Amino acid sequence: MPAVIPVVVPPAADFVPCQYVETVLDGDPQEREYLYLSTPDGSYTVGVWEAQPYTERIDSYAGDEFCYVIRGQVTLTGTDGTVRTFGEGSAFTVQAGWAGQWRVDKPFLKYFALS
C-alpha cells in the first residue's frame, strides 16, 4: 500500500556511501546519502546528500536537480564565469547539461530531487 512518509533528516547512521562526484580537483568529498524515494529505473530520486569540503569539475550535469541547503555552503562557478554561492536555508536548481565547478566550501548537507 502506498504510504505518506515525513521528510526529516535521518540519523547519521542511516546514511550510506554514494558516488555522484566524478572529477575531484581538490579535497575528499566523502559523500553519503539517504534516499526517501527512487523510481525503479532510477530516473527520479529524492533524498539527502552530504559531503565534506572539495572541488570538482562537471563537464555536463547528469540531470535536472532541485537542492535545498540544510547546512554548509556550496559555490557553483559556470563555464561562463557566473558564480553563485548557496548556504543554509537557500534553494536552487541545476539544469541538465550545466558545466562548471562545484565547490563545497563547508561540510554540506542538502535535500535533493533529481531527475
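How many aromatic pairs does the count come to?

Author: The model is predicted, so to speak of a local feature requires a pLDDT of at least 70, and side-chain atom pairs count only at pLDDT 80 or more, while totals for chains, interfaces and linings use all residues. Residues are numbered from 1 along each chain as its sequence is written, and side-chain values use heavy atoms, with hydrogens and water left out.

The count comes to 9 aromatic pairs. One of them joins Trp49 and Trp102 edge-to-face, with 6.5 Å from centre to centre and 80 degrees between the planes. Trp49 belongs to strand S4 and Trp102 to strand S9, so this pair ties together parts that are 53 residues apart in sequence. For a pair, the ring centres of Phe, Tyr or Trp (its six-membered ring) must lie within 6.5 Å; planes under 30 degrees apart are called stacked, those over 60 degrees edge-to-face, and the rest tilted. Strands, like helices, are DSSP runs numbered from the N terminus (a strand is E with at least two residues, a helix H or I with at least four).

Trp49 is buried, because its relative accessible area is 4%. Trp102 is buried as well, with 2%. Buried stands for under 20% relative accessible area and exposed for over 50%, with partly exposed in between (1.4 Å probe, protein chains only).

Another pair, Tyr68 with Tyr111, is tilted, with 6.3 Å between the centres and 35 degrees between the planes. Tyr68 sits in strand S6 and Tyr111 in strand S9, so here the pair ties together parts 43 residues apart in sequence. Tyr68 counts as partly exposed because its relative accessibility is 33%, and Tyr111 is partly exposed at 22%.

Trp49 and Trp102 also belong to one aromatic cluster, together with Tyr61, Phe86, Phe92, Trp98 and Phe108.

Strand S9 also holds Val104. With a relative accessibility of 2%, Val104 counts as buried. Setting aside neighbours within four places in sequence, Val104 is in contact with Ala51, Gln52, Pro53, Tyr54, Gln73 and Val74. Contact here means heavy atoms within 4.5 Å. Between the C-alpha atoms of Val104 and Ala91 there are 15 Å, and the two residues are 13 apart in sequence.

Gln73, one of the contacts of Val104, stands opposite Gly87 in S7. Strand S6 (residues 65-78) and strand S7 (residues 83-87) pair in the antiparallel sense over 5 bridges; strands pair if DSSP finds at least two bridges between them. The hairpin of S6 and S7 has 4 residues between the strands, and in this hairpin Gly81 takes a positive phi near 95 degrees.

Trp49 has a further link, to Glu33. Apart from neighbours within four places in sequence, the contacts of Glu33 are Asp14, Phe15, Val16, Cys18, Tyr20, Val48, Trp49 and Phe112. Glu33 lies in strand S3 (residues 32-38) and counts as buried because its relative accessibility is 10%. Its side chain makes a polar contact of 2.5 Å with the side chain of Tyr20. A polar contact is a pair of N or O atoms within 3.5 Å; within protein, one atom must be able to donate a hydrogen and the other to accept it, and residues adjacent in sequence count only if both atoms are side-chain atoms.

Charged side chains come next. A salt bridge needs a side-chain nitrogen of Lys or Arg within 4 Å of a carboxyl oxygen of Asp or Glu, and the count comes to 5 salt bridges. Arg32 forms one with Glu50, the closest N and O atoms being 2.7 Å apart. This pair links distant parts of the chain, with Arg32 in strand S3 and Glu50 in strand S4 (residues 45-51), 18 residues apart. Glu50 is buried, with a relative accessible area of 13%, whereas Arg32 counts as partly exposed at 24%.

Arg71 forms a salt bridge with Glu50 too, the closest N and O atoms being 3.4 Å apart. Since Arg71 lies in strand S6 and Glu50 in strand S4, the pair ties together parts 21 residues apart in sequence. Arg71 is partly exposed, at 36%.
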